[in-house]
Each structure stands twice: as C-alpha cells, then as structure tokens.
Amino acid sequence: MTGPLVPFREIVLKVHSRCDLACDHCYIYEHADQSWRTRPKAISDEAISWTALRLAEHAKSHALPSVSVILHGGEPLLAGPARLRRVCEELTAALDTVAGLDLRIHTNGLQLSPRYLDLFSEYDVRVGISLDGDRRANDRHRRFADGRTSHPLVLRAVDLLRQERYRHLYLGLLCTIDVANDPIAVYDALTELDPPRIDFLLPHATWDAPPARPDGSPTAYADWILAIFDRWDQRGRKVPVRLFESVLSTLSGGPSLTESLGLAPTDLVVVETDGTLEQVDSLKSAYEGAAATGFDVFTHPFDEVAAHPGVRARQQGLAGVSETCRQCPVVRSCGGGLYTHRYSSRNDFDNTSVYCADLEALIRGIEERTAAATVSPAVTDPGVLMAEHQDVTRNLLADVHLELDGRGGEAWDEAWELACALEERSDALDAVFAHPYTYTWLQDCLAALREGLPTAAGLALRLPSYLAAAVVRGGLEVPVRVPYRDGRLVLPTLGELRPTGSPEHGEAEVRVAGKGFQVRVDGREPWQVRPGEDSGDWRPVRTLGDDGAPALRLDDLDPYRDSFGAPVRERLGAREAAGWSGRLAAAWRLLRQAVPEQATEAADCLTTVTPLVAGEPSVLRHGYGALGLAVPGRPEELAPTLLRGFRRAKLHALVDVADLYAQDGWWTHPAPWRNAPVPVSELLAGAYERVGLAAFEPAAAEQAGRALETLERAAELTVSGQRLLDAMWKELDCG
C-alpha cells in the first residue's frame, strides 16, 4: 500500500463484552464472528492504562488536536460506575496537555441512572442511545432474552438525559433500520424525544448473508429512508440526521460525515476488553476473525495497526473500491458503501455493496429532491455570479482585518473605520470591490500576513487608496489620507498621480472637488484632477470601446495587474490605445453575429483589459471581469481570443463561489486535446472553453462533446457541477 499513514482519531474502547439484551440483529453476538465468547467480561486495569498510554503517544507523535474515544460493548454500562470512572480518569490524565479528549458512550440505556450521569457530567462523556423507533418497531429486535420489551426502560433513560442538568450529555439516538417498520412512525417517535441528532444505520449484511427484503424490492431500504427524508425536509430539517447531512455534503463537494458513506480514509481502531487491537467492529459480520490484526495495546503502538493491510485497504479512496464502483457517478457520495457490506466469500471485499441499488437510489433521490436548492444560483445567473464574487472580495477584506488582529496600527484602524462607514452610507465601494485587481491585492495581502512576510504591513496599508477611489467615484465629501510610495499615488480604477516636486514617499489627502478631486501633498497647493483627463502628472485609466463594443477599462497602471502568468506591458501610447479600441469594436461585431448570447453576457461581465507582452488570454489569480491580452491581431483572430478569455474568466469566477467538483484529487480523465489524463478541474475548464468556441473552431465542438461524455461519468462533479454540465450540453446542441 502506498500513501502516508492515516492516524487514528477515533478509538472504540470495549469496556464490557456482554449485554443485557438479546437483540437478534446484533453483529457482535448473532453474526459470523463469535470471539466475544473467549474474552473477559470487563476490561482490566492494565488494559485501560496501556490504552491510555498508546493513545497519548499516538496523538503526540501525529500532533492530533483532539481524539474521540467511544465507550462500547456489549453493553458498556454493565462495566459499572467504578470501572467507567477508572477509564475516564486514565484517559483524561494521559491526554492532558497532549490533545483534546472527546469522550462518548453508546448504550442501550437500560442501566442508565443519575449515578452514571453524574459521573459522565464530571468527565463530559456524551451519551448516545440505541432505539429503533416506537414500541412496535423497537420490540421487533430489541428484547430481553425472555422476550420482554425493553422500550419503556429505554424511554426512561432518554427522559433522564432530557433533564436540564443532563441535557448537555445527550448525544443523540441510533436507529437500526428495518424496512418492515413504518418509516414515518419510526421517525416521529424518535423526534418526539427531542434528540440532538439521529443516526439511521443499515443493518449489517454481506453478499453471503444479504439483508431482508420482504417485498423483494432492490431499493426497499432507499424507499424507506427517502420517506423519512421527505418528512424531515417538510418539517424544516429541525433534527440533524447524519445520513442526510452526509449525502447533501458530498453532493455539494464537501466531505462525507459518516464512515458508512464516502471515500474518506478510515481513522478508527477498536480496543477489545482483553486489550486486543482490532479493525472496525462491523467486520465481525463478514467472517470469523475478519476484524483481527494480531496486535494488542500491551506490546504494539497504534501506528502498527494503522499500517496493517486490512486498515490500509480502507484508506485508498477511489482505488479501494471495486471496478464497478469506480465507474459509478455516485461513488463519491456512497464511497462503495460500508466496507463490511461489500464482503463475499467468493471475491472477499472486491464487490459493490450489498446495498448498492439502495445507495444509488437514495443518493439520486436526495439529489432530485434538493437540486434546485443545492445548485448555486451563480451557475445559471451571470448577475448572481458577479454579485457573489464581489461578496468574496468583501469577505477577503474582512479576513485581512481579522488576520491583522490589531497589528495594522493607526493608519489601518482609521481606514477600516472609514470603510465600514462607506458601506453604511452608500454603494460607493461597489465599483472598487468589483474591480478585479482589488481581489488580487487582498489575496496577496492575506497570504503575506499568514506567512509572516515583512511585506504584509505595506500591502495592507493600500486600503486608503481604494477608499479614496470609492469616495471620488461616489462624489462623497469625505477627505481620505492616502500613503504613496515611489513617487506614485495610485487610485484603483481611476489612474495614478505623479506629484512632481514632492517626496518619493509620503501621504496625500484626497478630497472631492467640483467635477473631479483635489490631491494635497505636504500642505502645498493641491493638484486639481479630472479623472478622465490626462494632465501630465495625472494619468487616467482609459476606456476602450466604440461603435457598439462594450466599454472596458484599459488598465495598464494598476500595480496588481501583473498576475497573468505573462509579462504585462507598460502604459500604451495614445495612438496604440486607440488602435486597440478599433480592433476590439470590429471583433465584437463578429461575436454578436456568430454567438449573440455569449457576446451579450461577455459585454455585461468583462470590465478590465490589461495588455500583455505575449501569450494566451489569461485570468489566473484575478477577480471576475479581468482579462489579459496580447496586442490584438486581425478581428477574425481577436474575436475567438476574446471569447476564450471570457469563458476562462467566467469559469475561474464560478470555481471561486460554487463547488463544481470535489477537491479530493483522486481522479484523472482522458482529455481529447491531451495525450495524458488530466484532473477533473482541467477537463471541465477545457470543455467549457471549447463549448463556447464551437462556432469558430469546428474541432472544438467534437472535442467538447467527447469531454462532456467523460464528465457525465465523473464521480466528483457536484450538483452544481452537474447543472453546469447540463447547460454545456444544451449550449453545444443549440450551437
């Protein structure tokens, strides 16, 4: 097995190996592995001490911020208060100053009483209760050996946890699914108990011992769960349900929230009552010894278990599931299902889950029900995309302020106070936040602060220049003090002043005056500036566009314009700038004829063009609306170049505001334009660009179609990514 060792962050500690119920669906007593018969009933003092020691050394060597320990059984409360206190004391002492300790206990609740809960309150042990629903549902499996019901005693335990003094210990309810039960009755019975969380668990099964399907339906479990999903959704999702939250998370590009779904590597180890170290407990459903590792806490550190082939097999992500699963579009959400549920004596664990049809139906069912709410509106609405990217820039400014944490000095504090005031008074900051190089500056500033670079303070103090530009644009009578360096006072989106005869570095006051603004340096006579007029000392940002072409800023002044991956040109002469305008206008006429919808959207979204020395049209690290272009050629060449740049800029912005694909990095795909497989991000970007260019480049349409076919099978596309894929198919078909 390759790849780094995954440390254990969760320990299941078996404190008692027997149970006071006789549940007929229990994987410990009723399934293939019967090793419980030879183990001591209660964990020994020595095993407790060694477990605490091993966990502390593991957490320290891997610098884990926290670890979870789940006290388990059998029925863990049968260990008694004294033994459980010993466990809590040893673990707390060992982890003190090493890592945070999250203690939990999973119990059937029959023995729960104030003496246990007072102990748990002392050590902050949160309590999860196993309950399968109303009395009828719970009695189907969770009975005493003589057939008596356990339901009233479980309700008594839950009522105890709901008391004010113990409420903080109430972790939630764990319900094992039985499709013979009424799903709505089960859900309503559980929610009546006001749980902080509900976990619905598929009953453990394998291909050798498949799950019960009373009506023969291959999706009986999905249908049962989706009935509850609808009830949960209709009632406002008031109770967190881990299964639903996990599917919704993975559909949006996030992580799985449960071991039973998703491709995240396992990080759990089990300590049995005799100190034996085992893999995940559910493997006992597969065959005798399936969970065994051959290790124990007395002689083996946890790292040896983490390197065990059986553990590593569940840490390979996509490579660890069957070939059928690897080709399935929902694999990122289901992860091939729980590892145990893949077992067959014929192929070991190299199978799909025995619940495969259920998992696919469940994930697709949730996707169909939530797509409208889950899809980012930025995918379908260009106006929303622009607004959301502007919000990203605003959030970056707030992040810079938080990162400075009072270290910005008086100048930053004054500028921050003014920025807050401008936000409240008008929309003057909108144009400045929409400027794509504002985004670049803030990204640079935040990176420098987080890396502790000496340039961070200087980068941060550029804020007043943005505020001055906003004040001028808004015509607000608010004086702004602006530091300047190297003899240049830059006002983003407006231009730069080179105050002749002034010090190379200093501070200027910018104030709105008449049809322009004044700049005063060192108490001297102020410069009178009209933003659009070139006056020698003042060099404005010029506007391109005439004869029906959109108005674009020709920004060859902004100091943060140089992140295009190609050298930027210095300021263009007046004649050359006029030449750019003419050729852009001619190219735009071609775009309006060939791709009118794209031309209209591009005209609304592109705001800023920066001349490059050479190279492909580029966006790279800039905000939405920026485009770097080499000297335009003939209109017939410039039109597709503009379109290519616009498509790149739009997708770049979409990735900033919406999760289009998972960030796992496990997948590569063949690309029609490359000899080597590429990540999904590159395939999506290439397809998006070629779909747009199909009207100009015949080969682009064919390549785009092949790429879209591959993307349809891409497991890592989110719901938003799927919606974008649908839009590309429609665009390609209409073209």
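Axes here are lines fitted to C-alpha atoms, for helices over the stretch in contact, with angles running from 0 to 180 degrees between N-to-C directions. Every view below comes from a predicted model.

**View 1. Helices α2 and α3 pack with their axes within 10 Å.** Let's start with the pair formed by α2, residues 80-95, and α3, residues 114-123, whose axes cross at roughly 5°. Angles under 35 degrees count as roughly parallel, so α2 is roughly parallel to α3. On the α2 side, the contact is made by G80, P81, L84, R85, C88, E89 and T92. Helix α3 contributes R115, Y116, L119, F120, E122 and Y123. By residue type, this contact of α2 with α3 divides into seven nonpolar, two polar and four charged.

**View 2. F120 and L84 belong to the largest nonpolar core.** This core has 156 residues, and L84, F120, F200 and L711 are those with the most contacts inside it. Zooming in on F120, you will find that it touches L77, L84, I105, L112, V125, V127 and L169, leaving aside residues up to four places away in sequence. There is also a second, separate core of 56 residues, which includes A428, V519, L612 and A626.

**View 3. S150 sits in the loop between α4 and α5.** S150 counts as buried because its relative accessibility is 0%. A polar atom of the S150 side chain lies 2.7 Å from the backbone oxygen of R142. Setting aside residues up to four places away in sequence, S150 touches L21, L110, N138, D139, R142 and F144.

Definitions and conventions. Residues are numbered from 1 along each chain as its sequence is written. This is a predicted model: local features need pLDDT of at least 70, side-chain atom pairs count only at pLDDT 80 or more; totals for chains, interfaces and linings use all residues. Side-chain values use heavy atoms; hydrogens and water are left out. A nonpolar core is a set of buried Ala, Val, Leu, Ile, Met, Phe, Trp, Tyr and Cys residues joined through side-chain atoms within 4.5 Å. Buried means under 20% relative accessible area, exposed over 50%, partly exposed in between (1.4 Å probe, protein chains only). Contact means heavy atoms within 4.5 Å. Helices (H or I, at least four residues) and strands (E, at least two) are DSSP runs, numbered from the N terminus. Angles under 35 degrees count as roughly parallel, over 145 as roughly antiparallel, 65 to 115 as roughly perpendicular and the rest as oblique. Ala, Val, Leu, Ile, Met, Phe, Trp, Tyr, Cys and Pro count as nonpolar, Asp, Glu, Lys and Arg as charged, and the others, Gly among them, as polar. A polar contact is a pair of N or O atoms within 3.5 Å; within protein, one must be able to donate a hydrogen and the other to accept it, and residues adjacent in sequence count only if both atoms are side-chain atoms.
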